[in-house]
Amino acid sequence: MAWHKKPKTNLTKLRLLRTFIQFIMFLLLNLTFFLIGATWLVLPINMPRSIFSSSEGAFFLLQRMLTMAIIPLIPLAAFFLLGALFGRLFCAWACPFGLFQDLIGYLTSWIRKYEPTQETNLNLRQIGEFIVIATALVSTFIGINVAIGEKAAAQTAFDVFFDQPWAVLSPSTFLFTAIPLLFWWGGIENFIIWEKFVHIDVIFWLRLSVFIIALIIIIYIPRGWCRWFCPVGIIMGHLGTHSLLGVGRNISKCTHCGLCEDVCPMGVRILSHPAEKVRSPQCTNCLDCVAVCPDDAMEIKFL
Ligand code: SF4
Ligand code: SF4
Ligand code: SF4
């Protein structure tokens, strides 16, 4: 039927637009690569500070400030204000690690993807919840030690985990920091110096292992890291269920064809949510469901 072509075209156009905006954001966040100085863009995204980045994601800044015994007002404001207004919008449209996952998804589209049940989808978020709580507790503990003059002892005890405990294991830090450092350190003339690999320590292999596990999950489950493990996604998911921006379904137009659920990259069971607004912690406001709906039943909602 003719309408089968329309949603596919709309979806392709939307995904192209989103990928373009994600690339622009990636360039904006890495201005140092073009020898342009730091910016003060603090967004709820999975972006560590690297040798190229000109800003830092809110969760990384939060850890850095807590371990320095500074009240993290800026990252908390970024989370709560942007989360209350836009939900997980930045996950779909601005996060570099989200872009990486989308690109891996497109490149491996020939591999069969798996869609866990809604229950599994929500239950596995507890791993991410644990990462958020553990990181906050460890960072605060380090900060307290710094505040009472025990910085040297804390530094010795926590070693590489001292500045930003979760950043050490985060696959985004490995992708955007460890790999560029390994290949780029010293400038283009030292692009690859194989002797550097001799000095790699056990932490590197641990980080590489986490990265490879994340990569395998992402290949088989679209946005697998975003769904269950990313601390930013977990925090923004809680705020996103009450955010002003969202998507909803016009039940007088909906024919229950299920196309919107089929294309949702986060596995949201849209039809099981209240029609007026999808209140899922997984929804990133990517708008794929709006673009694909053949009856224009999916709508952007603000309020
Ligand atoms: S949930 Fe995904 S898109 Fe959102 S900040 Fe984390 S890695 Fe980025
Ligand atoms: S909202 Fe649109 S795509 Fe989703 S089930 Fe209804 S008609 Fe189909
Ligand atoms: S429900 Fe719609 S807007 Fe939300 S993640 Fe799924 S496809 Fe994107």
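R227 is buried, at 0% relative accessible area; buried means under 20%, exposed over 50% and partly exposed in between, with a 1.4 Å probe and protein chains only. This residue forms a salt bridge with E115, the closest N and O atoms being 2.8 Å apart. A salt bridge is a side-chain nitrogen of Lys or Arg within 4 Å of a carboxyl oxygen of Asp or Glu. E115 lies in the loop between α5 (96–107) and α6 (118–123) and R227 in helix α11, so the pair ties together parts 112 residues apart in sequence. Helices (H or I, at least four residues) and strands (E, at least two) are DSSP runs, numbered from the N terminus. E115 itself is partly exposed, at 38% relative accessibility.

The model is predicted: local features need pLDDT of at least 70, side-chain atom pairs count only at pLDDT 80 or more, and totals for chains, interfaces and linings use all residues. Residues are numbered from 1 along each chain as its sequence is written, chains are lettered from A and ligands numbered from 1 in the order in which they are written, and side-chain values use heavy atoms, with hydrogens and water left out.

Side chains of opposite charge can pair when their charged atoms come close. The structure holds seven salt bridges. One of them joins R18 and D288, at 2.8 Å from N to O. This pair links distant parts of the chain: R18 sits in helix α1 (residues 5–29) and D288 in helix α14 (residues 288–292), 270 residues apart. R18 is buried, at 3% relative accessibility. D288 is also buried, with a relative accessible area of 0%. R18 has a further contact, lying over the face of W93 at 5.8 Å from the ring centre. Such a charge has NZ of Lys or CZ of Arg within 6 Å of the ring centre and within 35 degrees of the ring normal.

Another salt bridge pairs E261 with R269, the closest N and O atoms being 3.3 Å apart. E261 is buried, at 14% relative accessible area. R269 is partly exposed, at 25%. Salt bridges with shared partners join R15, R18 and D288 into one network.

Aromatic contacts were then examined. The whole structure contains 12 aromatic pairs. Rings of Phe, Tyr and Trp (its six-membered ring) pair if their centres lie within 6.5 Å; planes under 30 degrees apart count as stacked, over 60 as edge-to-face and the rest as tilted. The W166 and W225 rings have centres 6.5 Å apart and planes at 10 degrees, so this pair is stacked. W166 lies in the loop between α8 (151–158) and α9 (171–184) and W225 in helix α11 (residues 224–228), so the pair ties together parts 59 residues apart in sequence. Both W166 and W225 are buried. For W228 and F229, the ring centres are 6.0 Å apart and the planes at 90 degrees, so the pair is edge-to-face. Both of these residues, W228 and F229, are buried. One aromatic cluster is formed by F97, F100, F174, F204, W205 and F211.

Ligand 2 has 14 residues around it. C254, C257, G258, C260 and C293 come nearest. A residue is near a molecule or strand if one of its heavy atoms lies within 4 Å of it. The shell divides into nine nonpolar, three polar and two charged residues. Ala, Val, Leu, Ile, Met, Phe, Trp, Tyr, Cys and Pro count as nonpolar, Asp, Glu, Lys and Arg as charged, and the others, Gly among them, as polar. C293 is buried, with a relative accessible area of 9%. C289 is buried at 8% relative accessibility. The structure holds zero disulfides, a disulfide being a pair of cysteine sulfur atoms within 2.5 Å.
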